[in-house]
Number of protein chains: 2
Amino acid sequence: MPDDVRWLTDKERVAWLALADLMLRLPAALDAQLLRDSGITLYDYFVLSNLSMHPERTMRLSELARITSSSLSRLSNVVKRLEQRGLLRREPDPDNGRYTNAILTGAGWDLVVAAAPAHVGAVRDYVIDGLTDEQIETLRSVACHVTERVRENGAC
Amino acid sequence: MPDDVRWLTDKERVAWLALADLMLRLPAALDAQLLRDSGITLYDYFVLSNLSMHPERTMRLSELARITSSSLSRLSNVVKRLEQRGLLRREPDPDNGRYTNAILTGAGWDLVVAAAPAHVGAVRDYVIDGLTDEQIETLRSVACHVTERVRENGAC
DNA sequence: CTCTCGATGTTCAAGGTTGAAGTCAGGCTA
DNA sequence: TAGCCTGACTTCAACCTTGAACATCGAGAG
C-alpha cells in the first residue's frame, strides 16, 4: 500500500520549497537587523511590542505565550532575560496569585519605540514592498489557512 | 526625522503577522511529525532528501549548505550526527581535496523512502490541500520575492 | 619552488530551546 | 477545614545553533 501516496505536483513542490526557504531565511534576516540595530531578537521584539500595545502595558505570561505561538518554557526564559536587562518586570497578578503579569518598563517602551521604524522598514524591504494588494491579501489568507490547519492537527 | 516612517497599513500588518505566525508554527509542526514517525528533523530530511535526488546520491557540503540555506557550521554538525547514525558518509572529493562529499548510504536511502509519504502528507495537510492553483502560484511568487530580497540585502 | 591567499570544512565556547519534572495558588468537594 | 486537582509558571539537563578561531587544500604570483 505504499503507492496511493499523493505526491506533490511540480507546481506544488516548487511553491512548498520556496516557502521552506523563506522559513529558513526570513527569521534570520529580521533577527540580524534587530540585533544589529537594537540588541534584541525578533522574538524579543514580538514580546515587547505586544506588551506596548496592551492596556497598562501589561499582559499575563500565558497570554503572551499564546499570542507569540511559543512554549511557556521558552517565554519564561526570554522574559527572565528581558527582566534582567530592565526592559520589563514581572509581578504576580494582584487579583489572582496564580497568574504572573509582565509589565513593560519605561526603558522597554523606549527601546520598542526606537526599534520599530527600522524593523518595519526591514519588513517592508523583505516582504511587503513590491507586492500588489492582491498578493498581500492572498499571502494573508494562505498564512491563516496554514496556521489553522496546524492548530487543528497539532495541538487539541 | 522620526516620522517619515512608512508604517504598515492594517492589511499589510495583518498579512505580516499571519506570516510571522506561520514561521513560528509550521516548522515545529513538520518537525514533530518527522521526529515522531521517522526520528529525524525537517532539516535532516532536507539534507537526506537532497542527497537522494542527486547523481550518485552525492553532494559537496558547501553545495548542501547553499541549497538548504544554512551555515556551513550548522551543516557540519548535522552531517556529523547523520554520519554517526549511518545515514550518510563523508569522503574527500577524489578530484579536489578541498571539497568534502556527503554520500547517502543504503540505510539513509531507505529512511528517506520510508519517511517521504508521511512527510508529503503533512505538507499537503498543513499547506497545499485546500488552496486553489492560483493561491499556490501566488504563494510561490511571494515566497520567491521574499527570499530574493533577503539575499539582495542580507548576504552579498 | 615558495609564499600568500581564498575557499572549504571543523571545532569550541557561549548561549538559546525543549520537554519533563517540580512548585505554587486557588477552586472544588466533603 | 482538609484534601485533592487543575492550571500557571519555573527550573534543569540534554541538545542544538552560532560565530569566531583554526586547520587544510590548491591556485596563482613572483
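## The surface near DNA strand C

H4 of chain A gives the largest share of the surface near DNA strand C, namely five residues. Keep in mind as you look that this is a predicted model. By type, the residues of this surface divide into four nonpolar, nine polar and six charged.

There are 19 residues around DNA strand C, and those that come nearest are A:Ser73, A:Arg81, B:Ser62, B:Ser76 and B:Thr100.

Two arginine side chains are worth a look here. A:Arg81 has a side-chain N or O atom 2.8 Å from a phosphate oxygen of DNA strand C, and for B:Arg90 the corresponding distance to a phosphate oxygen is 3.1 Å.

## Rings and charges

Over all chains, the structure holds zero aromatic pairs. Rings do meet charges, though: the charged end of A:Arg60 sits over the ring of A:Tyr99, 3.7 Å from its centre. In chain B, the charged end of B:Arg57 sits over the ring of B:Trp109, at 3.6 Å from the ring centre.

## A covered helix and an annotated domain

Helix H2 (residues 42–52) of chain B is mostly covered, with eleven of its eleven residues buried. Among them are B:Tyr43, B:Asp44, B:Phe46 and B:Asn50.

For chain A, an unreviewed UniProt entry annotates residues 10–148 as "domain: HTH marR-type". Over that range the chain is 71% helix and 9% strand, and its end C-alpha atoms are 25 Å apart.

Key: Residues numbered from 1 in each chain as written. Chains lettered and ligands numbered in written order. Predicted model: local features only at pLDDT ≥ 70, side-chain atom pairs only at ≥ 80, totals over all residues. Heavy atoms only, no water. UniProt positions renumbered as here; feature names shortened; annotations may be inferred. Helix = DSSP H or I, 4+ residues; strand = E, 2+ residues; numbered from the N terminus. Phe/Tyr/Trp six-rings, centres within 6.5 Å; stacked < 30°, edge-to-face > 60°. Lys NZ or Arg CZ within 6 Å of the ring centre and 35° of its normal. Buried < 20%, exposed > 50% of the residue type's maximum accessible area, 1.4 Å probe, protein only. Near = heavy atom within 4 Å. Polar contact = N/O pair within 3.5 Å; in protein donor to acceptor, adjacent residues only side chain to side chain. Nonpolar A, V, L, I, M, F, W, Y, C, P; charged D, E, K, R; others polar.
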